[in-house]
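Thanks for making time this morning. I would like to walk through one model, and please hold it up beside what I say.

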Amino acid sequence: MATRSVVIEGEAGYLGRTSGAIMGSAIGQTAGDGTGRTLAAAGGAVVGGIVGGMVEKELSKKQAQELTVDLDDGHTVVVVQETKDIGFVEGDRVSVTHTPSGEAHVAHAHYETDGIY
């Protein structure tokens, strides 16, 4: 097995854009008066929505590992998964399972669960 550190890109979702737009509009409301205030609030909502989406995207990034696993049957699979408590190092014996949706998951192999060690 070979490993490589990667980053799973975050997503700019509804929450970040909406929160940013609300905050931007509120800040815009403090500028000027009359029509100027309305325009500032609208501009603040647009800019706030963009910035809020960018912030959410940055905050939702995840550290991950790209794992190239040589299976016992001779096939090779590549899996990218979030790095949790204990990562993997080259040479680790692992098990690969698949979810009903077809996604693969790599875990450290243990004798008790899969009879390997």
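I will take a helix, then a nonpolar core, and then a histidine in a strand.

Please keep in mind that this is a predicted model, where local features need pLDDT of at least 70, side-chain atom pairs count only at pLDDT 80 or more, and totals for chains, interfaces and linings use all residues. Residues are numbered from 1 along each chain as its sequence is written, and side-chain values use heavy atoms, with hydrogens and water left out.

Helix α1 covers residues 14–28, helices being DSSP runs of H or I with at least four residues, and strands runs of E with at least two, numbered from the N terminus. Which residues of α1 are buried? They are Gly16, Gly20, Gly24 and Gly28, where buried means under 20% relative accessible area, exposed over 50%, and partly exposed in between, with a 1.4 Å probe and protein chains only. These residues lie on the same side of α1, because they cover an arc of only 90° around the axis, taken from the directions from the helix axis to the C-beta atoms. The face turned away from that buried side carries the exposed Tyr14, Leu15 and Ile22.

Turning to the strand, His105 sits in β5, residues 104–108, and is partly exposed at a relative accessible area of 41%. Its side chain makes a polar contact with the side chain of Gln81 at 3.4 Å; such a contact is a pair of N or O atoms within 3.5 Å, within protein one able to donate a hydrogen and the other to accept it, with residues adjacent in sequence counting only if both atoms are side-chain atoms.

As for the core, the largest nonpolar one has seven residues, among them Leu67 and Phe88, such a core being a set of buried Ala, Val, Leu, Ile, Met, Phe, Trp, Tyr and Cys residues joined through side-chain atoms within 4.5 Å.

How values were computed: Expected span 1.5 Å × (residues − 1).
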